[in-house]
Amino acid sequence: MILGMTKIYKFQDDISTNALQELEKHPSLAIDTEGTGLDITKRDKLSLIQISTGNNDAYICQPNRKNYKAPNIVKILENNEITKIGHYLRYDVSGLEYFLKCNIKNIFDTKIASKLCRTYTQNHGLKDLVLEFCGKKLDKRLGSSDWNKDLEKLSDGQLQYCSNDVVYLHKIKDELNKMLIRENRIELYENCIQFLKTRIKLDQNGFTEDIFQH
Ligand code: MN
């Protein structure tokens, strides 16, 4: 289906083999997830996985909430040749690795990158980056909605909303990467990304505070 300008493909349980083959052609894919809440892995569950190639498309998959078996999605996540671009991956990587039982490789986090190079602002939300780099105003009102209902019951507004969370990430990544290079912060950025999996393990073990804080 087409919503706005975005081509939307919906999948139950896992993406199809055809979709996998199409996605594997791309060196980088944008990724986002929706859950039943923000306390992912402890109280809340993974409800939706969205992927975009950066060409105004969104592959929206509702995993099987009984067994969370999605081998095709796991192939993408574990493929070291494909960069997975996400905003605040501390949430998405935690949920994806916990529920799909996988080890995600090669990630780019636009929120960490933004905090390291856009020091002229305190605003590092996706909405702020989409406005600055894509000139578009994102409507975030449906962010807090019931993502766990049946895939076919999701409204057009919900589908458009969860697609918008992935369609702009390629452009944002390109711009932030240029800024990180300009500000000489690429190495610092890469070191932060290396620590991300440890940060997630701390979260999952209940150490949610800043472990380095006095
Ligand atoms: Mn989202």
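Start by selecting helix H2, residues 71–78: its buried residues are Asn 72, Ile 73, Val 74, Ile 76 and Leu 77. Buried means under 20% relative accessible area, with a 1.4 Å probe and protein chains only. Helices here are DSSP runs of H or I with at least four residues, strands are E runs of at least two, and both are numbered from the N terminus.

This is a predicted model, where local features need pLDDT of at least 70, side-chain atom pairs count only at pLDDT 80 or more, and totals for chains, interfaces and linings use all residues. Residues are numbered from 1 along each chain as its sequence is written, and side-chain values use heavy atoms, leaving out hydrogens and water.

**Around H2**

Now show what the buried residues of H2 pack against. Pick helix H1 (17–23) and H3. Contact here means heavy atoms within 4.5 Å.

**The cavity**

Next, select Ile 31, Leu 77, Lys 84, Leu 89, Asp 92, Val 93, Leu 96, Ile 104 and Ile 107, which line the largest cavity. A cavity is a set of points, on a 1 Å grid over the protein atoms alone, where a 1.4 Å probe fits but cannot get out; lining residues have an atom within 4 Å of a point. The structure holds 1 cavity of 30 Å³ or more. The volume of the largest cavity is about 30 Å³. Volume is the space filled by probe spheres set on the points, with grid points joined across faces, edges and corners. Which helix gives the most to this lining? Helix H3 (residues 89–100) does, with 4 residues.

**Ser 94**

Stay on helix H3 and select Ser 94. Ser 94 is buried, at 4% relative accessible area. Its side chain joins that of Gln 204 in a polar contact of 2.9 Å. In this model, such a contact is a pair of N or O atoms within 3.5 Å, one able to donate a hydrogen and the other to accept it; residues adjacent in sequence count only if both atoms are side-chain atoms.

**The manganese ion**

Finish at the metal. Asp 32 (OD), Glu 34 (OE) and Asp 165 (OD) coordinate the manganese ion at 2.0 to 2.2 Å. Glu 34 lies in strand S3 and Asp 165 in helix H6 (residues 156–167), so the pair ties together parts that are 131 residues apart in sequence. Are these two buried or exposed? Glu 34 is buried at 8% relative accessibility, and Asp 165 is buried at 6%.

Definitions and conventions
On a 1 Å grid over the protein atoms alone, a cavity is a set of points where a 1.4 Å probe fits but cannot get out, and a pocket is an open set with protein on both sides within 12 Å along at least five of seven lines; lining residues have an atom within 4 Å of a point. Buried means under 20% relative accessible area, exposed over 50%, partly exposed in between (1.4 Å probe, protein chains only). Donors are N, O and S atoms within 2.8 Å of the metal (3.2 Å for Na, K and Ca); water is not among the atoms, so sites may look incomplete.
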